Structure formats: C-alpha cells, structure tokens
Amino acid sequence: MLVLGLDVRWAPEVPPLADSVQLVHIPADRSRPYLISIPRDLEVDIPGFDRNKLNAAFAYGAGFDHHPDRTQGYDLTRRVVADLTGVRVDAGVVVTLPALRKVTDVLGGVEVCLPQQVRSVHTRRVFPAGCQHLDGPASMDLLRQRRGLPDGAQDRDRNAQRFLAGLVRQAGEKGVLTDPVQISRLLAAVGPDLTVAGASVPD
C-alpha cells in the first residue's frame, strides 16, 4: 500500500507536493506491517512530464486548477513509485496532516519512540529521546520537523515511519482494523482530508 502525506496549510486550493511517501507491506498473516520511506526529493521520471523530484508527481497528476483531483495525483505517484521500485502497489491512501491529527485524537493518542531528541522550530516544544504518548497536535508538530535534525528530511521520514507504526499498533490494540463500525466512525471523523485509492490495474 502506498501512503502519501500532504501538508495543505498554505494553499488548500492548490495541489500540494507529497511531503511523505511511504510503502507499507502487510503480510498475509497480518503479523506486523513493514514500512519503507522513499525520499521525496529523489529525482525520477514522471510519465508525461519532465524529470523532477518524486514529490512533484502528485501535483502534476492532481492538476493546478481550483479543484485538484487527489485521486489522479495519487495514481500518477503510484505509477512513478511502481516503476522506480518494481513493486506492485495494490492500494493507497492520501492523507493530510489535519486528517492525521484527527485520527490520532480519535484513537486516544499514539506512542512514538525517538532515538534522539527533537526540538520543534515552530513551537519550541522538545520531544525527548525515548518513548512518549503524543496527542494529535503534538504528533503533527513532530512530523513537520526536519530543520536541526542530523539528516534533515531523511530523519523526518524516519520519524514519520515511527509515527505510522505507532498509529497502526494503536488502531490494532483498539480493534479498529477488524471492526467495520469503528472504521466507519473513524472515516466520518476525518472527512474529506482522507482519500482512499482502490486496487490498481497493472500499467
């Protein structure tokens, strides 16, 4: 599954770049998810467009009018990721940071374990090294951080992996992943900030 994270704070009517690009593999036995981050600044071939950074594929696909199509943005990014990795992408999710904040709060917060301290350049909040339980606003603050981290955007991607792993664990512990009623309530709380893409047809 391909998970694209978007930050739409500045201009919600303009298709944003994909700040986070994650491949999630869920084994047949549902034992544990595996997450792989793909650098958003990786230079790639985008079908029908010039060679550019991976995060630009979403904007190219969604279009630049006042009604960007997130499904098309996802589909073009999926094609690029599939060509790049050779991995068939069966489904995907396009999620905004506001949506992640809502999901985190609905689940009662998420535990995130950090190998090093992170200081927010936006709020001056300090996230200590080690495991901590974060609510929605704190989680979004963490996910936006890259300045001041040793490996910059790569460390931000690693923190996004840690957050998503904690989110999936929390959802599993609350039985959300196997309860259609809870899933429906969660989707209703998130609203249009979440776009789910179905199984893909091989290109």
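Close-up 1. The buried residues are Gly136, Ala138, Ser139, Met140, Asp141, Leu142 and Leu143. Helices (H or I, at least four residues) and strands (E, at least two) are DSSP runs, numbered from the N terminus. The model is predicted, with local features requiring pLDDT of at least 70 and side-chain atom pairs counting only at pLDDT 80 or more, while totals for chains, interfaces and linings use all residues. Residues are numbered from 1 along each chain as its sequence is written, and side-chain values use heavy atoms, with hydrogens and water left out.

**Close-up 2. Packing of helix α3 against helix α6.** Helix α3 (residues 97-106) and helix α6 (residues 180-190) pack at about 140°, and their axes are 9 Å apart. Axes are lines fitted to C-alpha atoms, for helices over the stretch in contact, and angles run from 0 to 180 degrees between N-to-C directions. The angle makes α3 oblique to α6, the class left over once angles under 35 degrees are taken as roughly parallel, over 145 as roughly antiparallel and 65 to 115 as roughly perpendicular. On the α3 side the contact is made by Ala99, Lys102, Val103 and Val106, and on the α6 side by Leu186, Ala189 and Val190.

**Close-up 3. The aromatic pair of phenylalanine 49 and tyrosine 60.** The structure holds one aromatic pair. Phenylalanine 49 and tyrosine 60 are stacked, at 4.5 Å centre to centre and 5° between the planes. Rings of Phe, Tyr and Trp (its six-membered ring) pair if their centres lie within 6.5 Å; planes under 30 degrees apart count as stacked, over 60 as edge-to-face and the rest as tilted. Phenylalanine 49 lies in the loop between β4 (43-44) and β5 (52-53) and tyrosine 60 in helix α1 (residues 56-62), so the pair ties together parts 11 residues apart in sequence. Phenylalanine 49 is partly exposed at 40% relative accessibility, and tyrosine 60 is partly exposed at 23%.

**Close-up 4. Valine 93 and its contacts.** Valine 93 belongs to strand β6 (residues 92-96) and is buried, at 16% relative accessibility. Residues up to four places away in sequence not counted, valine 93 touches Met1, Leu2, Val3, Leu4, Tyr74, Leu194 and Thr195.

Note on methods
Buried means under 20% relative accessible area, exposed over 50%, partly exposed in between (1.4 Å probe, protein chains only). Contact means heavy atoms within 4.5 Å.
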